[in-house]
There are 2 protein chains.
Amino acid sequence: MKAFITGGAGFIGSSMADRLLLGPHNLVTIFDNFSWGHSDFLPRDNVGGRFKVISGDLLNLDAVKEGMAGHDIVYHFASNADIAGGAVDTSLDIRQSVIATYNVLEAMRHTGVGSIVFPSGSGIYGDLADQRIREDHGPLLPVSMYGAGKLGAEALISAFCHLFDMRCHILRLANVVGPRQTHGVVLDFIRKLLKSPDRLVILGDGKQKKSYIHIEDVLDAIFFLDAMCDQQINLFNITTEDAVDVNWIAQSVAEAMGLMPVAFEYTGGDRGWPGDVPVVNLDASKLFNLGWRPRLTSRQAIALSIKQLLERVPAETTRQAQA
Amino acid sequence: MKAFITGGAGFIGSSMADRLLLGPHNLVTIFDNFSWGHSDFLPRDNVGGRFKVISGDLLNLDAVKEGMAGHDIVYHFASNADIAGGAVDTSLDIRQSVIATYNVLEAMRHTGVGSIVFPSGSGIYGDLADQRIREDHGPLLPVSMYGAGKLGAEALISAFCHLFDMRCHILRLANVVGPRQTHGVVLDFIRKLLKSPDRLVILGDGKQKKSYIHIEDVLDAIFFLDAMCDQQINLFNITTEDAVDVNWIAQSVAEAMGLMPVAFEYTGGDRGWPGDVPVVNLDASKLFNLGWRPRLTSRQAIALSIKQLLERVPAETTRQAQA
């Protein structure tokens, strides 16, 4: 299989690249503009010339077409990762979610690539308090530009699949954690505590409660669904079944870093930033009913990702401080 | 009230302008690029300087901001009207629906206009055969670029309302008919029969069955909902309760033009064009439960619009032929 991974140097994309390259016959092209991506995340050796990196921008349609030609499937993982930033520069998600996805679809149409895997997110559902959310929930009223951009991208994927005979997997993911996170609450806490080990500023009131899923479980789910579902449009929530609050994460990070007691300070309000959804309760029964379950709970996923990030981030921080 | 109407020289926009100008204290600004709009549709006399026309493009954000400043409400009626064309030039709906709506919202944010009325459509729901569709239907899987663009625009409106404290009415309209239609099956049939009075080519098999609502009923519903609903997001299907098929419309147009018998010829297939949805069955109980009903059924709306279009179109056609 020849896979084209947008955002392939980022958190989810580079993890997918590594997984795909375990398959001895797979070829992987990574397309990334290195805005969130890291060259450190690229495959270590060139595994028999089976992967290629294109440094390019999805807003350049010609570059996307040229890079994509000859592939079998697109993993479209490039995205704006700064959800709070979308409320300041509202064009971020328009460009990096809507237009970028449109260009990916146009390139697929022009180059004849017929299959796309797209990570959407709980943000498309809006703010539903602790309501359990299935894939058929409506109406869809996102409260962030990130959520709006993802929903716009989903809509385009749906239309392209119908009009041009493509096939898609749209995966509405809980918060994904793991060693290569480039953003998110765990990474944020580790970075803050490396700078000031005795106090931690927590955005909001710390009671925001969400589900977290480990990257390895996400990759498993993607391959599972690819094998199990071949409708034209395959739409699934992917989440763990438990949820943890931000205070628990803060406590866990501080403990793992051996820093207790740490003074927790709160910016206040029930959400971390404009567009944040304080409680998310995705229902993944549609996926679970097919027989799949994540190996790690939210608590286990957070605990593992703290451990994994503590192997990566302090060294990075030291390097940056020395640079 | 100072109203800013995008697409104000088009079918729905110009009808709204006329209605608003009946209110002696209303001021109306029409913003239109005259791609679908007609100067014939502009208000006849300047009713005491209460309306203004700006010939401009929504893709020019600065022009939108400049034109919008000082208004109280935006009626955002500009849109791509060529649904079939979206499958040929896929960028049409991206530009004229998604980006145009984004620019309208950005201009609102910059100029402090806090209220928007947006006509969405049944296209956002996708192809659901004869299933009755309420506003809370999910998942939303549009099959046309038009539907995808409208859904993307809805998502942006929702996010902007939440992030920047705006208020919106999102109205998912059945097919709107009336004297100023610039597109649609009735107008298409009239134009074809004016050219060739003895035969009519019908796209698809003629069995596509949808609801139609007269523009005057749509305007009534918009004002009714404005008075009745002041949530941050007000989302309603607006439709009649009956539906008619394309064959019935063809027959009605031919009869009204005194042309029977006409040879009906079919292009075949169950839909008129790629992205067409052959059967649409919107459920407007949410609106009806508030006490509102359209005055005309689909049949009556079509019959009236045929009569009204036959007063406009033949003269236009003659003028064009002579020009």
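I first looked up what covers the buried residues of α7(B), and found that the cover includes α5 (185-195), β8 (199-202), β12 (244-245), β13 (263-266) and α9 (298-322) of chain B. I am working on a predicted model, in which local features need pLDDT of at least 70, side-chain atom pairs count only at pLDDT 80 or more, and totals for chains, interfaces and linings use all residues. Residues are numbered from 1 along each chain as its sequence is written, while chains are lettered from A in the order in which they are written.

I took helices (H or I, at least four residues) and strands (E, at least two) as DSSP runs, numbered from the N terminus.

Helix α7 of chain B spans residues 246-256, and I noted Val246(B), Ile249(B), Ala250(B), Val253(B) and Ala254(B) as buried (20 or more other C-beta atoms within 10 Å of the residue's own, C-beta atoms being placed from the backbone). Seen down the axis of α7(B), these residues fall within an arc of 130°, so they line one face of the helix; the arc is that of the directions from the helix axis to the C-beta atoms. Just after α7(B), I recorded a positive phi of about 65° at Gly258(B).

I then turned to the chain pair. I found 32 residues of chain B in contact with 32 residues of chain A (C-beta atoms, placed from the backbone, within 7 Å). On the side of chain B that touches chain A, the elements giving two or more residues are α3 (91-111), α4 (145-164) and β11 (233-238) of chain B. The largest share of that side, 11 residues, comes from α4(B).

Methods. A residue is buried if 20 or more other C-beta atoms lie within 10 Å of its own, exposed if 12 or fewer, and partly exposed in between; C-beta atoms are placed from the backbone. Two residues are in contact if their C-beta atoms, placed from the backbone, lie within 7 Å.
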